[in-house]
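Please read the points in order beside the model.

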Amino acid sequence: MARNLTLAGSRLFEGLIEAELEVVAGRMRPRQFAPGEQLCAAGDPSDRIWLITGGLVIWSAGTTAGGGEIELRMRKGDVIGAQDAITGTERTATVSASTIADTLELDAADLLELAGRFPRILINVIKTQRERLFRASAHSTALFSASVRSSSTRGEEIGIIAGPSLKGVIPGLVAAARMASAQPVTVADRSLSFAGALTASDELAGEHATVLIPSEFDPDTVGVLLDEADRVVALVGTAEEAGRLGAVAAASEGRRLEIVLVSDEARDASQMWHPAALGLVVRQCPRQPEFPLADADAAWIARHLTRTKLGLALGAGGAKGYAHVGVLQALQEAGYTVDYVGGSSIGGFVASQLALGYDADSIYDRFRAAFSEENVGQLFKSPLVGSAGLEVLTGLLKEATKGAFFSHTQIPLVIMAVDLTARTPVAQRQGQLWEALLAALSVAGVFPTQERDGHRLIDAIALVPVPTAAVIEDGADIVVSVNLLGTETLERWPGVPDEPEAEPAKPRRRGPLDTILEAMDLSQLDTSARHAALGDVVITPRFGPAEWRDFHLGDLFLQAGRVAAGEQLPALEALSRPLDLQAARREASIV
């Protein structure tokens, strides 16, 4: 009987009476697919079909104009492969499980026989195919719109639950999520039954980028949500709540459960979970006396729900690194919070300061102190590799990081280097910051290579001038990349008067090191642009006449970064919006 109800809810078997459904059910057999497992591939024989009874699958096929692939999310009630099975043609699409997917499988021969006995099935095949073509057409059109970032026309359905100890927290998070996203966010109507809310959310996902489904903190409810929603975010506030969720978390491997531990008590209790469950924890927050969540934690969760967590990838460029500070100033003034940061070479230095919790103005002061005129003079005193400059660099890096480790940073940090021994980039995420920065700033020809466990590390400019991919790997949803090696330059600095003709600027005496480094920079222009282009928003400051070690031009570099960031702010605003959490709480009537 249960299987008959499942069939009756499918478009393929719509209109069949109970006796006919009984016949169809007798031919079908249950089959489950693991996340990432293919149900079928384009070009395969069409020897069977599947009715999805739980989970999600991704249907992808090439466009008729040869313009790449389109993807559709398919879920409970959808049928895969019916038209191909009816016509006897090869598969036209590849279908893979996105989560654990439960299906009922039917051989093509049985489908043909059943369609002969019950013509309504054939009519339904034609109807569902027309609907899929419409959805695919709408998706293809959306690809040309800058406002659509998803690979599917459907939005993401997210279950959100909070333990009883966190009563009242969800409305504020919903309001904050709406403010954080530049795309439409809505909430499933919980005045309906739970099943009704799930059905409503499925319809809402056709028009909204994010559909939030507030639900009860109950293991059975979580289990259903894991089957029906794209992912589930659970907030846990006490040891008792952690115990209730632990069994569900351990059994949810392969499905998208994301856990936020709110309090030290919940964190300690979670240590008793199965190791696989511990890997589902996305954030740990201290409990607040007045409001369950600190502003920073609530804002992070809102961005996590809407996939707007912001990452910043800061590129190599020597003294031009002051432009990174200008970018930070512009982002900070616009109200944005950086959730992940990474840097190559001088970008690593700026990234480390941001990760340690310093604001843009403080980073500017620390940059000036570290690369003072005296320190710069000592750093580049020798024409080629020498130990004196290395001692100065080591000292200033130790002073700038105060003995901190990566584990001490307030946001995830990655510092890039290049391993000459393994001939590969190295994303440094552990150990003392000064050691990672020393490797990241060991410019070939200026400083000796840094020995680490038998490997020789140098400045990352040789392979990864802008660490966009590493920041994405850390979890950023939206990445702003800053490329300091742009090809477009200015003939003169804006606002700087020309030198009097009678007093021409004395040209710098150039040695073999300058030539080597100039050639290195030129060779990396294309590489730097390609790595930066992996970001969602690319900032490429335009500089006037300058070289990589002109630290005395710091203010000009900084202003160039501010200007370039300002030009790209509209592109960032099209993806995410600065979050005013107090306004969100007022909207949710939470004081």
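1. The protein chain exposes about 26,200 Å², and carbon and sulfur atoms supply 53% of that area (Shrake-Rupley method, 1.4 Å probe). Of its 591 residues, 52% count as buried, meaning under 20% relative accessible area with a 1.4 Å probe, protein chains only.

2. This is a predicted model, in which local features need pLDDT of at least 70 and side-chain atom pairs count only at pLDDT 80 or more, while totals for chains, interfaces and linings use all residues. Residues are numbered from 1 along each chain as its sequence is written, and side-chain values use heavy atoms, without hydrogens and water.

3. The protein chain contains 23 helices and 22 strands, taken as DSSP runs (H or I, at least four residues; E, at least two) numbered from the N terminus.

4. An open sheet with antiparallel pairing has the strand order β1-β8-β3-β6; strands pair if DSSP finds at least two bridges between them. Its edge strands, β1 (29–33) and β6 (79–80), each pair on one side only. Strands β3 (residues 48–54) and β8 (residues 101–107) are joined over 6 bridges, and I52 stands opposite T103 in β8.

5. Helix α22 (residues 554–573) has 20 residues. Its buried residues include F557, L558, G561 and L569. Among the elements covering the buried residues of α22 are β15 (310–314), α13 (322–334) and β21 (478–482), where contact means heavy atoms within 4.5 Å.

How values were computed
The expected span of a helix is 1.5 Å times one less than its number of residues. Buried means under 20% relative accessible area, exposed over 50%, partly exposed in between (1.4 Å probe, protein chains only).
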